[in-house]
Amino acid sequence: MQGLQQAEGARATAGGTRARRAGAAGRRVRANRRLAIGLASLAGTFVLWWLLTAGTGIVGPTRFPAPAEFWAAFLQIASEGYAGGTLWMQAWYSTRLVILGFLVAIATGVPLGLLMGVSHRAEAVLNPAFLLVRPIPPLAWIPLAIVWLGLGDAAKILVIWFAAFVPSVINTWTGVRGVDRTLIAAARVHGAGPWRLLWEVIIPGSLPMIFTGLRLSLQASWTTLVAAELVGAFFGLGRVLDTAYRDINPPMITVAMLTVGILGAATTRLVAEAERRLIPWRS
Amino acid sequence: MAFMTLAGPPPPPRQLMLLSAAGAVLFFGLWQAIAVSGAVSAETLPSPVAVLETAWRLSAAPFAGHTLFGHLLASLGRFGMGFGLAALVGIPLGLAMGRWRLLDDIVSPIFEALRFVAPLAWVPFAALWFGTGIGGPVMVIFAGAFPPCLINAYRGAKLVEVRLVEAAQTLGAGGLRIMAEVLLPGALPSIVAGLRVSAGLAWQSLIGAELIVASAGIGYMMVQAQSNLSPAIVMAGMLAVGVVGLTLDVALRRAERAVKARWGQA
């Protein structure tokens, strides 16, 4: 669980007797125990799944698939394909749209956030438009994008752009405003011009917040794409979900859900890796 | 260097307010000018005035079965149910996970695995299990709102001093009483912060669910307007969604501040 270390630290300083007693060896035992219970829990869930579906039939096949049905659906979409393509084609199609929309959002959102961050005047001019757009959830742009651009790729990229743009701008802005003023003053005293100041002080200083924004943007991108493809698409994982829903094919729904989850987790890992390389001083 | 105002003192507030006013005028003026000039047809981009007019008209004349307020009420009802359910399940579970490590170790892996599935990906199952009327959308809202409720209750419970829990135990308080009278107040600031995040996600998931499966609600109204190719109604819907979302956020921000003032720092 995220934030556990933090919470453990707080617990120790708060005078928790249990945490104080546990040394390095104790922690290792505790970590092993945690892993064992975690694995047992996942295995238990799997057994329960099997029991409820195939074992006893309490949950019928029109409600939730049995493990074997899930596997069969996976093999079907992997080899023959479903809703117009194999799993790899559908997954790549959706991933490509997320990456494109996400990149467009970064390329516009981060510079705008930087601009609004370094200049109070630019912030004042742009804020009214931004305040109007900000409270509208990205998913609410889907119908408008379809009216404007139809059901093809362009509408999806537009919607993902809207979804990922706002967190990029806000977090970049927050990052710039959070840069230590003493550092900026020091750089200026030493004769740094505006570009150098931006490139060597402000951008590195706001990178941690920028990356926080990118992670939020990426999550928003996936959610929005799935929704947009469910509302209407010719291809992609949302299309698979929608077709499986119309065919009342629960095994295929689970395969598509799992794929979306794995792709979301994998792309988040990519951003975390980029963050680790670009700002090694953070960890 | 005059442009970069970050290093020096910020420009005078009067000047900034004037600039903001100019920005607003520029934004709406440009939008209105483009829409009126006919460079883009009204079927593509209605003017801001037309959007406001449409919103006004919709508050009296029904579209897709209800007036604008009828749709909003339907949406808010589902929102209340899904959000309430998420809080009712997520907060006690989070507190209990913060209290008992065994429960934490058992639930965490399942929860972490499920969390990677986007809430909207639950829409097909929600519709299969609970139908497209109220149950399905409520389940999607629940999927969106549940994780922040649980995580923040868990973190809040972890931040409660163990001494306090041990003192209550020494005085003979049972598990439930400790949860209600020690962990809940101690975790409250963190819980309320979680509720705010959760409300935002719930509202957004609701719109998504209604776009895909529903027979009433603001998202349904927007998707009907989309198939009618009437962007003015779509934009009026977006406006309503934005206003309600903003109101919810402001209300919960207030609650957060009040709780922080009363129960200490998060």
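Q: Ground rules for the model and the numbering?
A: This is a predicted model, where local features need pLDDT of at least 70, side-chain atom pairs count only at pLDDT 80 or more, and totals for chains, interfaces and linings use all residues. Residues are numbered from 1 along each chain as its sequence is written, with chains lettered from A and ligands numbered from 1 in the order in which they are written.

Q: What is the mean pLDDT of chain A?
A: It is 86, and 91% of the residues of chain A reach 70 or more.

Q: Where does pLDDT stay under 50 in chain A?
A: Over residues 1–20. The model has 24 contacts beyond four places in sequence for that stretch. A contact means C-beta atoms, placed from the backbone, within 7 Å.

Q: Switching topic. What does the domain assignment give for chain A?
A: Domain 1 is 4–59 and domain 2 is 79–278. The bounds come from an automatic or database domain assignment. The C-alpha centres of the two lie 33 Å apart.

Q: At what angle do α7(A) and α8(A) pack?
A: About 145°, with the axes 9 Å apart. Axes are lines fitted to C-alpha atoms, for helices over the stretch in contact, and angles run from 0 to 180 degrees between N-to-C directions.

Q: Which residues make that contact?
A: I142(A), A145(A), I146(A) and L149(A) of α7(A), with A154(A), A155(A), L158(A) and V159(A) of α8(A). That is 8 nonpolar, no polar and no charged. Nonpolar means Ala, Val, Leu, Ile, Met, Phe, Trp, Tyr, Cys and Pro; charged means Asp, Glu, Lys and Arg; the others, Gly among them, are polar.

Q: Now chain B. How many residues are in contact with chain A?
A: 59 residues of chain B, with 59 residues of chain A. On the chain B side, α10(B) gives the largest share, 8 residues. That side divides into 44 nonpolar, 10 polar and 5 charged.

Q: How do the axes of α7(A) and α9(B) cross?
A: At roughly 5°, coming within 9 Å. That makes α7(A) roughly parallel to α9(B). Roughly parallel means under 35 degrees.

Q: Which residues make the contact there?
A: P143(A), I146(A) and V147(A) of α7(A) meet M222(B), V223(B), A225(B) and Q226(B) of α9(B). By class, 6 are nonpolar, 1 is polar and none is charged.

Conventions:
Helices (H or I, at least four residues) and strands (E, at least two) are DSSP runs, numbered from the N terminus. Two residues are in contact if their C-beta atoms, placed from the backbone, lie within 7 Å. pLDDT is the predictor's confidence in each residue, from 0 to 100. Angles under 35 degrees count as roughly parallel, over 145 as roughly antiparallel, 65 to 115 as roughly perpendicular and the rest as oblique.
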